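The model is a predicted one.

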Amino acid sequence: MYDVLVIGAGHAGCEAAAAAARRGARVGLVTFRAEDVGQMSCNPSIGGVGKGHLVRELDVFDGLMARAADRAAIHRRMLNRSKGPAVQGPRIQADRALYRQAMAHLVDESGVELVTGDALAMRVDAGRIAGVETSVGLLPCRALVIATGTFLDARIFVGEEVRAGGRRGERASVPLGSQIREIGLAQGRLKTGTPPRLDGRTIDWARLEEQPSDSTAWTMSALDDRVRRPQLACAIARTNERTHDIIRSAFSRSPLFAGAIEGRGPRYCPSIEDKVKRFADRDSHQIFLEPEGLADQLVYPNGISTSLPAEIQLDFVRSIEGLARVEIARPGYAVEYEFVDPRRLGSTLETRDLAGLFLAGQINGTTGYEEAAAQGMAAGLNAAAHALELEPVRFDRRTSYIGVMIDDLTLQGVSEPYRMMTARAEYRLSLRADNAVSRLGQAALAAGCLSGRRRSAIEAHFALRASSAWAETEEGRADALYAPYLERQQREWDAVQRDSRVAIPAELDFAAIAGLSTEMAERLEAARPETLDQASRVRGVTPAALSALYVAACRKAA
């Protein structure tokens, strides 16, 4: 009997399994293959603006991602360094092989038992999870976390070629997907994609703009394991009109436009064919060429995700400056997969339909490693709580991006893959990447999920804050910098809560409102609410969007 079983050993599954084990649960992690543990399916990077905040928050609870990223980092870059600390985002490029090794080691170190096999069906008894039928037999459990990523009844598309699979060379999870549909949990299908992998030896690097690693060796994790890898430079390339003409000429062969793909893709990471079609006035799009490893010649061209036929991919890639003689090692492809409406979940990520069933990652309609890992940790902590009768761990949007994400998902649902951005958080000035320990350290201590080393580090952090003058540390200086803005922000948010009948001028241009994301502007434009109260009921409109809308409406009326 397992206390907690986790299906899927990607970013969500690894964090879920390790988090449950840290709370004292006996945990089994079910995966197709042992070598899939910690696999980076798409881009070889961790972090960024919003996403890096999630990784730092994970780290406070002794999550794995930050430490694995530090052990595998071959390029570090603090995004938005010239801007304020609230919107700075730590991001690393990882050596894929080293990251996978680090994650597998950390999972094993946590005491998780690896089960190699196929998860076929959930065993349910009196409305509660009782176990999982697998290709190696029945595995009884008290709680179950499903973290199947893009594998649930998934299909891969390359031009006219369609085959079952959730990742290149791997099969889909079909029986489990069928059961989820049968019990009414399935919401629909979503789509994601990946670019072709390039042979770095065939790139003319001298023709490209170099992007060096940061000179300062900051770390993702507050626990510095002192691992330092050689640092590699990335490079920047750009598409051009010839590139776009080649892509346009092949629209009829794109499964995205031919109707073969039903699911909607991520708004903030569209395929190159989608960019060319939607932004026809743009004469170029930026591409980041990211090395995949110290001993690996493959290069990840971030920005040209595609499902066009392989020969078209080669044609358009070779039209780009610096890539005229490039060879494609593996073509890009799109993946379409089943997802569950996250509004069927509570704040602990347990389903309301089946007691003891928790969902985490892309099955909940999100995209990105960091979003998946954060959900996995939350689900794992709470699956252990369910199995062992411990206190649940809930994340609040006032104190964490994890709380913002879970709140958005479980209350608003998704119509497209959800990606974390700082604009989603109304309290983003206080939710900085540099103050994650101060915000969440006490909650992590209370959750009972920390190693002795982590507990000591958090206690030392609070002791230092207590003994230091307020503005002596870098974090203290940032707190002082934002203090007046935080006070004003709180007054504005209190006013939003109080003045729900504030009129929204008919001529207000939602797209021009500072702090309002494109997604929120489009939803408000479609609904055209007349008051703030009506705007609050528009599906998908977040508290952060309401705050920005309130300020804009008051200014317009003044």
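## Salt bridges and burial

Arg81 has a relative accessible area of 45%, so Arg81 is partly exposed. Its partner is Asp214; the two side chains meet in a salt bridge at 3.0 Å, N to O. This pair links distant parts of the chain. Asp214 sits in the loop between strand 14 and strand 15, and Arg81 in the loop between strand 4 (73-79) and strand 5 (89-94). The two are 133 residues apart. Asp214 counts as buried because its relative accessibility is 17%, and buried means under 20%.

The whole structure holds 55 salt bridges. Another of them joins Arg67 and Asp225, with the closest N and O atoms 3.3 Å apart. Here too, distant parts of the chain are linked: Arg67 lies in helix 3 (residues 65-72), and Asp225 in the loop between strand 14 (209-211) and strand 15 (234-238). They are 158 residues apart. Arg67 is buried at 15% relative accessibility, whereas Asp225 is partly exposed at 23%.

Arg432 and Asp434 also form a salt bridge, with 2.7 Å between the closest N and O atoms. Asp434 is partly exposed at 30%.

| Pair | N to O distance |
|---|---|
| Arg67 and Asp225 | 3.3 Å |
| Asp214 and Arg81 | 3.0 Å |
| Asp434 and Arg432 | 2.7 Å |

Salt bridges also form a network, linking Asp153, Arg155, Arg181, Arg189, Glu336 and Glu338.

Terms used: Residues numbered from 1 in each chain as written. Predicted model: local features only at pLDDT ≥ 70, side-chain atom pairs only at ≥ 80, totals over all residues. Heavy atoms only, no water. Salt bridge = Lys/Arg side-chain N within 4 Å of Asp/Glu carboxyl O. Helix = DSSP H or I, 4+ residues; strand = E, 2+ residues; numbered from the N terminus. Buried < 20%, exposed > 50% of the residue type's maximum accessible area, 1.4 Å probe, protein only.
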